Amino acid sequence: MPIEINWQLLMPELVIALTLIIVLIFDMFDSISKTILGWLTIVGAGIALWVSIQMQQAGTVGTQFNDMFKVDSFSLFFNIIFLISTILVALISLSYLGKDDRKQGPYYLLILLATLGMMLMAAGNELIVVFLGLELMSLSLYVLAGYFRDNPVSSEAGMKYLLLGAFASAFFLYGIALIYGGAGTTSIPGIASNLTAESQSPLLLGGMFLLIVGFGFKVAIVPFHQWAPDVYEGAPTTIAAFISAGPKAAGFAAFLRIFMEALPAMQSQWGDVIILLAMLTMTVGNVIAIAQTNIKRMLAYSSIAHAGYVLIGLAAANNEGISSVMLYLLVYCVMNIGAFGAVILAKTTDGECLTISDYAGLGFRKPLLGLFMTLMLLSLAGFPPTAGFVGKFYIFKSAVQAGHTWLVIIGAINTAISAFYYLRVVVTMYMREPEEELEFSPYPSTLVVGLILAVIGVLFIGILPSLLLNSVQNSVL
Amino acid sequence: MGLEYYLILSALLFTTGVIGVLIRRNAIIIFMCIELMLNAANLAFVAISRHLGETTGQVFVFFVMTVAAAEVAIGLAIIVSVFKHRQTVNVDEVNSLKG
Amino acid sequence: MNAEQILFIVFGGISLVGAVSVISFRHPIYSALALIVTFFAQAGLFVLLGAHFVAAAQVIVYAGAIMVLFLFVIMLLNLGTLSASGSIVGKLKGVAIVLGLLLAAEGIYIAVNALNETAVASAQPTAAPVTTYQIGELLFSKYLLPFEVTSLILLAALIGVIVLVKRDGPDTD
Amino acid sequence: MSLGLIVVLLISPFAGFLINGLFGKWLKGKEKLSGWISALAVFVSFACSIIAFTSVRGGGGMSGDEGILYEWIKGESFAFNIGFHVDALTTVMLLVITGVGFIIHVYSIGYMHGDSGYTRYFAYLNLFVFAMLILVLGNNYLMMFVGWEGVGLCSYLLIGFWYEKQSATDAGKKAFIVNRIGDFGFLLGMFTLFAAFGSLDFTTIFDSADAGNFQQIFGASTLVIATLLLFVGAVGKSAQIPLYVWLPDAMEGPTPVSALIHAATMVTAGVYMIARSAVLYELAETGEVVAWIGVLTAFFAATIALAQNDIKRILAYSTVSQLGYMFVGVGVGAYASGIFHLVTHAFFKGLMFLTAGSVMHAMANELDMRKMGGLRAKMPITHWTFLVGAMAIAGVPFLSGFWSKDEILHSAWAISPVIYGIGLITAFLTAFYMFRLIFVTFYGESRVESGVASHLHESPPVMWVPLAILAIPSALIGLLLGWGGHNSWFHHFTEHVFPKAHGEASGNMLVFMGISSVVGLAGIAFAWIRYRERVPAAEPTHALHKLVANKYYIDEVYNAVIVQPIKNGSHYLLWRILDTGIIDGIVNGVAAAIRLIGGTLRRLQTGLVQAYIVSMVVGIVLFLAYYLFVR
């Protein structure tokens with residue numbers, strides 16, 4: 001049977017694939033300066049972003065490949081999140097990778113492959129596609145985490161991520177098998193139509209929970225979170241930023257799509273577990289973050305806690321909840337990459353400043369750095385008028401609407417706890433005298449540009465959320 | 001043969017893999033155990049596919065094998081690069097990242 | 001007891017014994033060999049289920065390619081002597097076995113109730129084996145997208161392995 | 001009046017901030033340009049303010065829905081808007097902020113000449129003006145709070161501007177932390193209002209409150225609690241007892257900053273807030289609390305000022321004291337009078353700070369007036385302008401301070417003669433310490449160190465022209481706007497904004513004016529007698545001298561018996577116990593508990609892959625069991 005392919009629907013993915021090929025070819029020629037590869041990646045992702053925005057605005061809808069690939073405003077919105085993350089990460093990577101030509105090519109190739117994987121996860125309308133997208137993304141990330149192979153810590157991070165990730169993938173796969181048995185199909189609309197009533201079948205319940213395990217691992221939900229701090233700390237900082245942003249959003253995208261579209265009939269069964277996981281994740285993430293001294297680890301625990309906030313919106317399981325989750329993930333990606341970018345900016349002549357006490361007095365000594373870091377941390381803590389506040393506000397609001405008042409109260413308490421460790425860094429920067437004078441490297445201009453973009457994003461969403469909100473509310477499943 | 005028997009076998013193989021992951025120190029053996037888990041899932045797919053009288057499950061297995069091959073390639077490469085630093089592949093000796 | 005049941009017990013038994021051996025042999029090489037045995041036995045089970053192509057792929061890909069890679073790395077790193085020193089199992093042995101048994105119990109419970117109000121319960125099993133031709137056709141029509149994605153996954157693996165273990169030469173070879 | 005005008009008014013200083021902030025490196029060699037861009041940005045706002053002012057005079061204005069720029073975030077039954085409220089009160093504040101602000105920007109161009117952080121300074125200054133404009137333009141408490149926090153942040157950055165100086169960063173921190181206490185009160189007040197009215201919009205709240213239409217969460221006292229909590233915020237921001245301690249230390253910042261932020265604009269935010277919330281304070285009848293805190297602050301700060309020898313500190317305590325007057329005004333229900341004093345004070349206190357800056361500029365940053373004397377000859381313009389400011393604050397008849405202070409005292413008499421009495425004593429003290437400053441600094445023998453004396457000079461035109469410009473309104477604005485007391489132009493202009501004062505001022509206006517004039521002039525006369533030719537501090541050498549110098553031996557006793565205990569009390573009692581003891585104690589206690597839990601949980605993160613897998617599997621086993629067997 002001949003296959004009709006509507007290439008227009010696949011534009012963002014095709015642009016990324018084309019960029020991939022161009023980067024691959026350019027990487028082969030020794031005569032070309034490899035620093036151009038990063039720029040190629042940015043340009044390619046930028047075009048894909050522009051295409052996605054256009055398609056999203058136009059309300060493009062359609063399926064491809066026998067219903068396996070679904071383009072709708074939901075998937076396009078997530079494409080926008082992924083591509084923004086990719087562009088920001090590529091921008092902060094340009095200076096981070098240094099001038100070593102051999103390091104450039106594979107790095108950007110893997111980032112592009114991971115981005116493609118994420119896009120497949122968001123658009124997958126079939127568990128096979130979601131699984132393959134997830135694996136494509138994960139495999140690229142395992143390598144990226146261990147990318148600085150001369151650094152023992154980076155290798156260790158890669159190995160831990162890989163072993164734990166593969167272990168979780170096996171559960172995820174088993175879960176798909178059980179769902180396949182329970183519903184008789186792996187297609188998302190197929191599952192939904194086969195499961196019109198709530199089912200008590202152990203096959204389905206078990207399968208459903210194992211899917212939660214698989215996604216829970218990728219987005220770092222307690223108790224499947226323990227890889228995150230180690231990997232974030234060990235991985236190159238740019239990659240920590242990348243892992244904490246796009247893949248987390250991709251995990252939630254597929255999570256939402258599968259649970260809201262394929263398993264809505266079983267909402268009463270997954271709902272309460274999600275609530276429990278949300279409480280656990282927020283609380284454990286925030287409480288352990290307080291005890292951290294390394295800023296990358298602190299951000300790792302904070303990212304765990306943020307997964308918990310997102311789960312609050314997921315537990316609401318209404319349109320409000322979905323749109324708030326989407327908004328939150330966008331906000332979260334921008335601010336988290338920004339925070340990691342600020343960590344990279346705080347580079348001394350003997351390496352990055354990773355201990356929080358290294359930041360003492362930086363607020364005045366390095367005003368720009370202080371400003372970036374402060375803004376990002378305030379946004380992560382959810383202070384108005386930053387984007388973080390708007391995101392949290394809508395998440396909590398959707399939960400209140402769904403009647404999960406207790407969840408919101410616990411969320412609010414957690415927000416208060418989190419303010420403590422975010423502000424501690426700010427206080428250290430502005431109110432404490434440094435113990436020793438650190439020699440700082442000059443700011444790389446691309447990194448500063450990336451951070452300025454992040455700042456603009458955080459403030460723009462924080463001050464004018466309504467512009468974005470309409471677009472998000474039209475993108476729910 | 002009923003589907004149940006295949007699924008029981010698959011569950012036992014999967015659990016054996018999990019136990020292996022939990023008890024062995026050698027990263028390569030842990031990795032083999034993960035392959036064992038993937039295979040158990042494959043068995044479940046094929047058995048269910050057969051009992052449903054449709055082919056999705058078999059095709060799925062084909063894709064899982066590809067993924068497994070890619071995962072093994074990368075996994076072993078990472079293990080080799082860890083080995084270069086520490087002269088060991090015992091996971092409980094690779095724990096400098098913690099807290 | 002018909003032939004299918006006997007073969008199921010034989011292949012199933014071999015694969016289980018193989019699996020237990022994988023996790024209990026001291027030497028990684030033996031574990032790898034035991035794993036190959038398990039894979040072969042599983043290929044037998046696939047044949048039993050009428051999945052001839054999958055069975056062939058199992059032998060070629062798993063037993064052939066993947067396990068060779070394992071053996072290669074074990075020998076490259078010369079791990080035999082290393083892991084002989086000290087314990088082969090970690091500190092969590094007791095916890096692990098209890099957890100494993102609980103998990104197995106849950107898995108068996110799910111399996112036993114597999115036909116409880118699910119799609120498989122009402123389906124009609126087919127006796128006819130699925131041919132390679134059918135699989136091939138599906139891969140290039142209905143499953144074209146996943147098929148293409150696997151090529152990307154292999155590309156990622158290729159790049160990844162090069163990045164991680166290629167020797168740093170003064171130049172690119 | 002169009003929204004566009006207000007947006008331009010608001011955005012212009014922000015644009016200035018962005019230009020100076022982002023292109024600071026590029027502007028480094030062109031500091032004049034940087035300064036003028038910044039000043040121009042404020043001037044644009046000033047021009048817009050004038051347009052807005054004329055529009056309001058012509059009956060225009062902006063309130064309720066017409067001022068809404070857009071909806072910020074929205075819930076089911078409420079929405080937070082970005083919107084503006086423009087009425088007489090707003091335009092008065094706008095003119096003060098942008099007018100005085102502009103002059104101070106121009107002055108700064110000269111004053112900050114050669115400073116390494118030149119562009120940073122102007123970026124902060126513009127940002128401050130922007131935040132202050134948000135504070136007064138907002139049509140709801142949320143925007144007011146955003147501005148409130150914004151000015152606090154800028155103030156902190158500007159106080160600690162010379163961060164190489166330990167004392168400057170310490171002062172910055174102190175201001176920041178003390179203000180947090182007040183802001184927390186404001187925040188709680190805001191929550192209370194939101195809980196009671198389901199909205200934070202001024203119009204909605206005031207209309208519902210007037211109609212008695214709100215949730216009585218704390219019974220009838222809801223409004224009392226809300227207004228008192230808001231007042232806690234005002235006490236912090238406007239440096240009243242007991243949170244005034246940060247303001248004198250804030251003089252560590254550049255002097256024009258003190259003029260703009262710690263005299264003319266930010267510190268008056270509390271007064272503005274109460275005037276804006278006049279409806280609530282009338283209904284809650286909490287004004288008297290405000291008035292009492294105000295008058296006590298006015299008195300205490302004035303007594304402290306008596307014993308200071310540092311010019312800027314005297315001005316700082318004087319600011320605290322004058323803010324107290326403003327609170328008396330708004331507290332006794334004479335809102336227009338309080339705001340009127342705010343306006344006149346902005347001019348004359350701004351002027352005095354700038355002249356102090358001019359003196360510092362000439363004296364190589366010397367601030368101790370015992371090392372000055374006779375500066376009149378070398379710095380005539382500075383001297384005359386300072387004199388104008390001092391006469392205005394001292395209440396010399398027909399100068400601006402005379403009118404506004406007198407109105408406040410007159411209104412206070414109707415509420416409580418005791419408040420009036422304390423206010424009057426304070427007026428005497430004010431005149432006394434201000435002229436003590438004048439006589440010791442500008443008259444008598446020169447005590448200037450020879451090294452400094454040689455290049456003692458009048459400041460450059462970019463500095464003295466602003467002084468001269470400010471001197472004119474300092475002298476005349478009271479007469480122009482305040483002629484006729486409670487029937488003055490100013491009262492007519494603002495009459496629609498404020499509820500009618502509950503107690504009509506009684507008694508003959510002229511009698512009160514007479515008393516005030518006598519008191520003010522008496523203070524000046526005393527200062528003249530005591531300090532015309534004497535220096536405050538030098539150690540008396542023998543008994544006879546001591547006897548002669550007895551009067552200012554009292555100064556020392558006073559200093560030891562009252563000022564020091566107050567200072568120490570505020571410092572140690574309030575600061576140490578309240579802040580580090582109680583607040584830190586609670587915060588630290590909870591934090592320590594959480595940190596302990598965190599530290600324990602952290603140990604689960606052993607770094608061992610298998611330990612992580614165990615926790616995953618435990619999770620899987622438990623949840624699966626829940627699904628399979630419990631449900």
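Predicted model: local features only at pLDDT ≥ 70, side-chain atom pairs only at ≥ 80, totals over all residues.

Me: What is phi for A239(D)?

Reply: First the general idea: most residues other than glycine have a negative phi. A239(D) is not a glycine, yet its phi is positive, about 55°.

Me: And is A239(D) buried or exposed?

Reply: Here you count C-beta neighbours, and 20 or more within 10 Å make a residue buried. A239(D) has 31 of them inside 10 Å, so it counts as buried.

Me: Where does A220(A) lie?

Reply: Over in chain A, A220(A) lies in the loop between α8 and α9. Its phi is near 60°, a positive value, and A220(A) isn't a glycine. A220(A) counts as buried because it has 29 C-beta neighbours inside 10 Å.

Me: Which peptide bond is cis, with omega near 5°?

Reply: As a rule, most peptide bonds are trans. Here, the bond from V222(A) to P223(A) is cis, with omega near 5°. P223(A) is found in the loop between α8 (202–218) and α9 (227–234) of chain A.

Me: Now for strands. How do β1(D) and β2(D) run, and how many bridges join them?

Reply: They run antiparallel, and five bridges join strand β1 (residues 68–74) of chain D to β2(D). Between β1(D) and β2(D), a hairpin makes the link through four residues. To see the pairing, find I73(D): F80(D) in β2(D) stands opposite.

Me: Why is β2(D) largely enclosed?

Reply: Strand β2 (residues 79–83) of chain D has four of its five residues buried, so the rest of the structure largely encloses it. When you look along a strand, remember that in a regular one the side chains alternate between the two faces of the sheet.

Me: Let's move on to contacts between chains. How many residues of chain C are in contact with chain B?

Reply: There are 75 residues of chain C in contact with 61 residues of chain B. Elements giving two or more residues to that side of chain C include α1 (3–24), α3 (52–77) and α8 (144–165) of chain C. By type, the chain C side divides into 57 nonpolar, 16 polar and two charged residues.

Me: And how many residues of chain D are in contact with chain B?

Reply: For chain D, 10 residues are in contact with 10 residues of chain B. Helix α27 (residues 609–630) of chain D gives the most to the chain D side, with five residues. That side has five nonpolar residues, four polar and one charged.

Notes:
Residues numbered from 1 in each chain as written. Chains lettered and ligands numbered in written order. Contact = placed C-beta atoms within 7 Å. Nonpolar A, V, L, I, M, F, W, Y, C, P; charged D, E, K, R; others polar. Buried ≥ 20, exposed ≤ 12 C-beta atoms within 10 Å, placed from the backbone. Pairing = 2+ DSSP bridges.
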